[in-house]
Each structure stands twice: as structure tokens, then as C-alpha cells.
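Student: I would like to learn how to read a few features of a model. Please begin with the terms.

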Amino acid sequence: MDYMENYKEWLENPYFDEETKKELKSIEGDEQEIKERFYADLEFGTAGLRGIIGAGTNRMNMYTVRKATQGLANYIIKQAGQKKGVAIAYDSRRMSPEFADEAACCLAANGIKAYVFESLRPTPELSFAVRELGCISGINITASHNPPEYNGYKVYWEDGAQITPPNDTGIMDEVKAVTDYSTVKTMSREDAEKAGLYETIGAAIDDRYMEELKKNVLHPNCIKEVEKDLRIVYTPLHGTGNIPVRRVLKELGFTNVFVVPEQELPDGEFPTVGYPNPEAKEAFELALKLAKEKDADLVLATDPDADRLGVYVKDSKSGDYICLTGNMSGSFLADYEIGQRLALKGELPKDGMLVKTIVTTNLVDAIAAHYHIDVVECLTGFKWIGREILKTEKTGKGEYLFGFEESYGCLIGTHARDKDGIVASMALCEAAAYYKKRGKTLWDAMIEMYEKYGYYKDEVVSITHKGIEGLAKIKSTMDGLRENPPKAFGNYEVTAMRDYEKDVIKDLRTGEERKTGLPTSNVLYFELTSDSWLCVRPSGTEPKIKIYFGVVGDSMEDADKKSSELAAVVKDLFAD
């Protein structure tokens, strides 16, 4: 059917409820809006679903959630995993509790038990719960840091990580095979509970999760010695982080934790921020105001599902608060966690590994070389880091020490298999206490790290292309780069090109080719002179094309200058 036939089907089919039909009748005559809502099914990709909330096949609603869950249920049954059950969590967004219940009731109707959190919980706790409860899968209703009109549906597998091959493609195929919405199974929550197929979970999992987080504390005595002098400002940005972040900091002994009152309570409209993303400077406006009032040492912000952590630290010399990018905070924590582990134990595992994604800073490589540990590189997305942890468990080779990606996400420990903004908050506050005891700020420690390894600076430029036309624009951009790869970006010559979709790395000087060794993905990576690099990939969750790049300088000023020059080249090259 074409989009107009799909629209009429939803208006006339008795399967769809009256509220849905009322919403659809309100756009009658608006052909462009009808087309956007019905020209395709909301795609179930490798990360699950993500889209604008509303009626239609290309929107997030109870019917698209049921359809996705029916496909997941069919796959679980084919894997003979229905007895293990599925854990379900949700964040503070509009319709999140309702979508969680729709998923649970669909699973129950298929004979699969759902363990549903009693109220909103952070993404990393869902990852933890999957393994803690021995589930075959997990579902998290969240759109992470997207604008308020979005919601999403992430699927996890029994290792606690988001789905990877072959499970991702297997589930996607099952979801695509569900073509008739009326064939999707469901039942009432009351009947599901009576049948023992819907179980509410909460405090017991919270307690176990907290226990696992606190196992990663390296210097508890430092916290006790400086906690009265260390001042921390935190904002959950109306999301799920408020209770767990405050709890773990309190239990460790941090007493001067000031929460931004306007952003403390969950609110899916995110009334104080247009874009609830700790990567965005605007998200910190209220937190920085409070930080100045309280003379805070550091400022923390978690995104709505609390897997990402944004950070500002105070420079005692200027009195300014300095933003740490994901690459900066991740590199700092990697160096701190690995360095302090070495100092405390006297040695590191001989097969220790630091895991990063392909668009993460090369500062990681310098840190790993210093500690004589391996760097393991994987595709963008934390699920691939989770897969590397699983690989070590299955093969007995390699010991995970730390992993992070540039998009403000890291994992300390292996309690979860997704990035964890709660444990990152805990670790940064501990590090602040450690350095405070030594008369230093976190910014002082950052500068020491740069002096030790080099002034690496990494940036990302995102260009949005919305709608049907946007998808075509993104495709043509990637096709053009493949067919006619640039020989240089500004002052930097391209020395090698990695095409992860074709699984080939080509040395442009010698013509030699070899395989990437990673799963195929629509990503192009250009190795540049002067230890610089540039990578282009379409976003997997948003209508954007992302250009990542990194340089290294002799000083902060030198790195800033080089980065600004390359950024100008990028924006000019990829302009509309």
C-alpha cells in the first residue's frame, strides 16, 4: 500500500483505537504530514526503534511498539529463550510507562515473562538487570538525549549489551515479517500478572546495582578526608539519574552535593532545556549558575536515561568552569582508573585491554602505550564495547580494564554492558577528592595528562538532514566520498582510507589493501598526516551525518588552532 492507503487503513480499521483515529483525522488534507507518517514503517534498526511520538506507521505509538515486541517475541521463541524472561525499563519521556506496559503485555501474551521496573530507571541499570535476573533479553523505553517529541525502544540481549550480529539481524527480520498489526498478540496487565508473566521489580535490583558500582571505588579514604571541602553540583536534566547518582555519592560519603532544583524532577517535556543533551552547552546553564553560587569544584549532568555524563571543572587560576568533552573526560578517567590500579596493585594484567570506538580520540592509544596494555578498536556504539567484554569471557583471552566512546559514555567495571553515567559520576567525584587531597583541581590533573601524552583535541560536526529528502542527501554524500575520496583535508594529506562498509583499508601511498577486521558499517575513516584523522558516518539514531576529526598539538593553543582550521575545512566541504 502507498502512504495514503495506509492512512485510510488506520482510519477505518476497527483494530485502531478512537484516540489514534482522532489524531489522524486532525491532519486530514495535509498530504505532506500524512506522507511523513505513513510512507514507511518506523524502521527497526540495529539499535531498535526511535522516532517522533504520534499516530502512524512511521511514528512511535502503542501499535509500533507492539509490532516490534511481537517480532522480538517470535525471535526469542525460535531461540528457545522464552523461559528466561525479559527485563523492561523506561525513562522520563512522554509515553514511556505506557510503552513499557505495551511491550510487557505483548511478551506475556506470547508466554514470555516480563520483569518491569516499578518506576523510571537509568539505562545502565537495565543492562545490569538483564544479567542479574538471567533474562534472555531486555527492553529499554528511551530516546536518550533526543528532543521531547521523540521516544525510542532499545533491545538488549542476554549478555547485557544492545543487540549485535547475529541477533540484531535476526530480530529485525522477525519485526519486518509482522505485516498485519491486528495479528500482534497482547493481553491485559491484570491477566498477565495473574498468569505470573508480569513481575514488578525495583528496590532489590537497585541495591545490587549500587553494590556493584561501589566495588569500583579505588580511594575511599580520600573521600572521607576531603568530603567537607569538595563541592559538587549535579543535574539529572529531568531524567532518570537523580536518585541513583545522589544515592551512590551519599553512600560513599560525599556530603556537599547540590542538585539543580529546576531540573531535579522527571519531566518528559524537559521544560528548562530545548535539547536535554549534556553535550550541549545550553543544558548546563542552570547548573553553572548554581556552581558559581556554591563555588563548586565540578559540575555534572546526566542525560535523560543517565548513560551519558557531561562535565565542567573549575580552573582555580581563572575561576572559570571548563567543559570537558567526552573524549577529554573519557581519557582522563581511563588514565586515572588504570594508573591508580597499577599504583595500588603494583602491576596490570598482562593481557589488559583498553577498548575504544573508531571515532574516539587517539589519546587512548598514547595512554595504552604508556601502560603497556592493548588497545582494542570497535565500531561506533557502546554495544560493540560490550561485545568485546563478552569475547573475553568466552575465550578467556584479554581482561577489560576500561572502555569509552567519544559521545560522553564510558564503563568502569563489567557490572553492565552499556555506558554508565552513574558509575562515571562516582569515579569523577572520587578522582576530584584524590586530587583535592593533593592540592590540585581536576583541571590541574587534565593539564598534567596533556603534558604527559600530548595535547590531543577531537571534535565532531553534525549536519542535520530531516525527512525523506534528508535520507537521500546523506546517502549521496557517502556515495560521493566513496567514489571520489579527497586527497587532503586542508593542510592534512590523506595517507589511508578505511571503508568499513567494504571492509577494506587502502594505503593511498602504496596502494596496498587489507581488511578492517570489523563488522561492516557505513563509515569512512581517513588517516591523515601529523597523527590527525577524520571520519564520516550517518548517525544511527538521528537524521544527521557526523564528521569526527582529531589533531594533536604542542600546547593547548596549538591544538585549538589546528582543530579550528580543520573544522572550517569540514564545514565548508559538507555544507548544504
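Tutor: Buried means under 20% relative accessible area, exposed over 50%, and partly exposed in between, with a 1.4 Å probe and protein chains only. Tyr-336 is buried, with a relative accessible area of 2%. This is a predicted model, in which local features need pLDDT of at least 70 and side-chain atom pairs count only at pLDDT 80 or more, while totals for chains, interfaces and linings use all residues. Residues are numbered from 1 along each chain as its sequence is written, and side-chain values use heavy atoms, with hydrogens and water left out.

Student: Which aromatic pair does Tyr-336 form?

Tutor: Rings of Phe, Tyr and Trp (its six-membered ring) pair if their centres lie within 6.5 Å; planes under 30 degrees apart count as stacked, over 60 as edge-to-face and the rest as tilted. The whole structure has 22 aromatic pairs. Tyr-336 and Tyr-435 form a tilted one, at 6.3 Å centre to centre and 55° between the planes. Helices (H or I, at least four residues) and strands (E, at least two) are DSSP runs, numbered from the N terminus. Tyr-336 belongs to helix H13 (residues 326-345) and Tyr-435 to helix H16 (residues 421-437), 99 residues apart. Tyr-435 also counts as buried, at 14% relative accessibility.

Student: Where are the buried residues of helix H19 when seen down its axis?

Tutor: An α-helix has 3.6 residues a turn, so residues three or four places apart point the same way. In H19 (residues 556-573), the buried residues are Asp-558, Ala-559, Ser-563, Leu-566, Ala-567 and Val-570. The buried residues of H19 fall within an arc of 160°, so they line one face of the helix; the arc is that of the directions from the helix axis to the C-beta atoms. On the other side of H19, Glu-557, Lys-561, Lys-571 and Asp-572 are exposed. Contact means heavy atoms within 4.5 Å. The strands that the buried residues of H19 pack against include E16 (455-464) and E23 (544-553).

Student: In what order do the strands of the five-stranded open sheet run?

Tutor: Two strands pair if DSSP finds at least two bridges between them. The order is E8-E7-E9-E10-E11, with mixed pairing. Strands E8 (257-259) and E11 (321-324) stand at the edges with a single partner strand each, so one side of each is left without a neighbour in the sheet. E10 (residues 309-314) and E11 run antiparallel, joined by four bridges. Val-311 stands opposite Leu-324 in E11.

Key
The expected span of a helix is 1.5 Å times one less than its number of residues.
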